[in-house]
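Here is a short briefing.

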Amino acid sequence: ERRSLRAQDAGPPGGLAKPVTALVYGALIVLSAFTLVPLVWLVCAAFKGPGDMWSFTFLPYGEVPNPDGTMRPAQPTFINFTALFGKFGFGRNLLNSFFLTATGTSISLILASLGGFALAKYQFKGKKFLMAIMLATMMIPGSVLLAPLYELICHMEMMNTYLGILVPGAVGAFGMLLFRQAMLAVPKRRDQGADRGCYGAGARRRDRGAALVPPVRGNGPSL
């Protein structure tokens, strides 16, 4: 009885924490809304004409004076989008980006997985030396390779072609080493057992498929 009376006198547990939590969440919401202001301004700027860009903070409204003193209505317009897709061919550029991203990622994942599997499951002469060379290439800054890569593409006559973009990034040392580390997680006895018929083909695919999920997620966005 004494404990129940003390509990009633103390009030509900966490009574003070609820107002503090509400204040914290309210402050976070205000700060989040404040950080979204540049994005809102950017979206609104897309619907402004050349004469309204610096006349209004957000969407144009009302009337604004012309240089000759007359008034003109200010309202949102789609002229920027019309010029973007009409004059500059942004639609073709967008399709090129989707095509190159999908194709380049697919080629890189296929080649990197094949190379990583060979490095993880097969033993051959010069394997350690080859891996050392691959690690060394990862230490070279990408900016150092821009000029020689550009010259190589020019000599191979691949300028202004899809191959000039897809071939240089078809496979990299990072992707193969990432797949190698993932394939090492599959025990050799499972591969040997599958080869001897102890495990079915479905079990082998599930093991290797589960091991390939992390590098696929990591290597794809890294392109």
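Contact here means heavy atoms within 4.5 Å. By that rule, and leaving aside neighbours within four places in sequence, L177 is in contact with L119, M131, M134, L135 and M138. The model is predicted.

**Nonpolar core**
- The largest nonpolar core has 9 residues: L109, A112, L119, M131, M134, A173, M176, L177 and F179.
- Helix 5 (90-121), helix 6 (127-138) and helix 9 (173-183) are the elements that each give two or more residues to this core.
- Helix 9 supplies the largest share, 4 residues.
- In soluble globular proteins, nonpolar side chains tend to be buried together.

**Nonpolar surface patch**
- Helix 3 (residues 37-45) gives the most to the patch, with 6 residues.
- L42 lies in helix 3.
- L42 counts as exposed because its relative accessibility is 53%, and the cut-off for exposed is over 50%.

**Positive phi values**
- Most residues other than glycine have a negative phi.
- E157 is not a glycine, yet has a positive phi of about 55°.
- N160, also a residue other than glycine, has a positive phi near 60°.
- E157 sits in the loop between helix 7 (146-155) and helix 8 (163-166).
- N160 is placed in the loop between helix 7 and helix 8.
- E157 has 71% relative accessibility, so it counts as exposed.
- N160 has 81% relative accessibility, so it counts as exposed.

Note on methods. Residues are numbered from 1 along each chain as its sequence is written. This is a predicted model: local features need pLDDT of at least 70, side-chain atom pairs count only at pLDDT 80 or more; totals for chains, interfaces and linings use all residues. Side-chain values use heavy atoms; hydrogens and water are left out. Buried means under 20% relative accessible area, exposed over 50%, partly exposed in between (1.4 Å probe, protein chains only). A nonpolar core is a set of buried Ala, Val, Leu, Ile, Met, Phe, Trp, Tyr and Cys residues joined through side-chain atoms within 4.5 Å.
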